[in-house]
Amino acid sequence: MVEGRRLNILLVEDDSVDVMTVVRAFKEVQFGNPIHHAEDGVVALERLRAGDIDLDKLLILLDLNMPRMNGMEFLRELRADAALKHLPVVVLTTSNNDRDRIDAYDLNVAGYLIKPVTFEGFIKVIAALRTYWTYVELP
């Protein structure tokens, strides 16, 4: 748990290996907050709108390259929804494309992280994420 605070995590990721890697990295750095999973943007929006996930103190970790609804499409839908537009999103992707990075920040993401190739790299990224969210004040 982030320094005694409840923080819900929604991981929007289509790759099952990446899901397992993120979950393992969270455990490794003792980032013990609940992780909910959606395999693409369509499912994520359905779950958020249906109330399946508590929106209070929610952080969305978003992959960009997904079928059906990719991360950018998800972000546009999220930001257009009055009930969801305030939710913080951190992009966690393999895309090192400057256009993707610019578009993501134009859609008010809280951060843009490149997925590391090694598990040790994932641990470092998740540890940095944990440290950062320890200090961030959410509404």
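Contact here means heavy atoms within 4.5 Å. The model is predicted.

Five strands make an open sheet, with parallel pairing and the order 2-1-3-4-5. Strand 2 (35–38) and strand 5 (111–114) form the edges. Each has a single partner strand, so one side of each lacks a neighbour in the sheet. From one strand to the next, the twist averages 20°.

**Strands 3 and 4.** Strand 3 (residues 58–62) pairs with strand 4 (residues 89–93) over three bridges, in the parallel sense. L62 sits opposite V91 in strand 4.

**Helices on the sheet.** Helix 3 (residues 71–80) lies across strand 3 and strand 4. Helix 5 (residues 119–135) also packs on the sheet, where strand 3, strand 4 and strand 5 are touched. The angles are tabulated below.

| Helix | Reference strand | Angle between directions |
|---|---|---|
| Helix 3 (residues 71–80) | strand 3 | about 150° |
| Helix 5 (residues 119–135) | strand 4 | about 175° |

**Helix 5 in detail.** Helix 5 has 17 residues. From first C-alpha to last, helix 5 reaches 25 Å, close to the 24 Å expected at 1.5 Å a residue.

Which residues of helix 5 are buried? They are F119, G121, F122, V125, I126, L129, R130, W133 and T134. An α-helix has 3.6 residues a turn, so positions three or four places apart point the same way.

What do the buried residues of helix 5 pack against? Their partners are helix 1 (16–28), strand 3, strand 4 and strand 5.

Technical notes:
Residues are numbered from 1 along each chain as its sequence is written. This is a predicted model: local features need pLDDT of at least 70, side-chain atom pairs count only at pLDDT 80 or more; totals for chains, interfaces and linings use all residues. Side-chain values use heavy atoms; hydrogens and water are left out. Two strands pair if DSSP finds at least two bridges between them. Helices (H or I, at least four residues) and strands (E, at least two) are DSSP runs, numbered from the N terminus. Axes are lines fitted to C-alpha atoms, for helices over the stretch in contact, and angles run from 0 to 180 degrees between N-to-C directions. The expected span of a helix is 1.5 Å times one less than its number of residues. Buried means under 20% relative accessible area, exposed over 50%, partly exposed in between (1.4 Å probe, protein chains only).
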